[in-house]
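Work through the exercises below with the sequence and the coordinates open. Each task is followed by a solution in steps.

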Amino acid sequence: MEWVKIFADETEACNRLMPDKPQLAIIHGRRICIVRHNKQFYAVQDKCTHNGESLSKGMVNHLGEIICPWHNYCFDLQTGRELASRSADLITYPVKADATGFYVGIY
Ligand code: FES
């Protein structure tokens, strides 16, 4: 796994990521949806496993689930699990912040 720096630090990540507002990041050619929710950061594949819509256009509910804007399939941000078992789960990516930066782990 490679840790890819996407922000200078956690402060910049907080400034750039509005709470519960998914944001698309393209990291090494992969479309990844980054979310800040309840002071935690999550990274999941951006492509919905149902029919391919961009999840960064979706919304996040108070339970930490991301909802696809097309057919409203719902995925747990932490595990990537599709919550009604109608579609495959999302790939999730680890996120970390330390003194050197804010990183997403790509594998
Ligand atoms: S494309 Fe995401 S729910 Fe259908």
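The exercises cover strand pairing, the nonpolar core and some loop residues.

The model is predicted; local features need pLDDT of at least 70, side-chain atom pairs count only at pLDDT 80 or more, and totals for chains, interfaces and linings use all residues. Residues are numbered from 1 along each chain as its sequence is written.

**Exercise 1. The pairings of strand 10**

Find the strands that pair with strand 10 and the number of bridges in each case.

Solution. 
- Step 1: Strand 1 (residues 2–7) pairs with strand 10 (residues 101–106) in the antiparallel sense, over five bridges. Lys5 has Tyr103 of strand 10 as its bridge partner.
- Step 2: Strand 9 (residues 95–98) is also antiparallel to strand 10, with four bridges. Ala97 has Phe102 of strand 10 as its bridge partner.

**Exercise 2. The largest nonpolar core**

Which residues of the largest nonpolar core touch the most other members?

Solution. A nonpolar core is a set of buried Ala, Val, Leu, Ile, Met, Phe, Trp, Tyr and Cys residues joined through C-beta atoms within 7 Å. A residue is buried if 20 or more other C-beta atoms lie within 10 Å of its own, exposed if 12 or fewer, and partly exposed in between; C-beta atoms are placed from the backbone.
- Step 1: The core has 19 residues, of which Val35, Ala43, Val44 and Ile66 touch the most other members.
- Step 2: Strand 3 and strand 4 are the elements that give two or more residues to this core.
- Step 3: Leaving out residues up to four places away in sequence, Val35 touches Pro22, Tyr42, Val60, Ile66 and Leu77. Contact means that the two C-beta atoms, placed from the backbone, lie within 7 Å.

**Exercise 3. Loop residues**

Classify Asn72, Ser85 and Lys57 as buried, exposed or partly exposed.

Solution. 
- Step 1: Asn72 is in the loop between strand 6 (65–67) and strand 7 (74–76). Asn72 is exposed because 11 other C-beta atoms lie within 10 Å. Its phi is positive, near 65 degrees, in a residue other than glycine.
- Step 2: Ser85 belongs to the loop between strand 7 and strand 8. Ser85 has 8 C-beta neighbours inside 10 Å and therefore counts as exposed. Phi of Ser85 is also positive, near 55 degrees.
- Step 3: Lys57 sits in the loop between strand 4 and strand 5 (59–60). Lys57 has 14 other C-beta atoms within 10 Å, so Lys57 is partly exposed.

Key
Two strands pair if DSSP finds at least two bridges between them.
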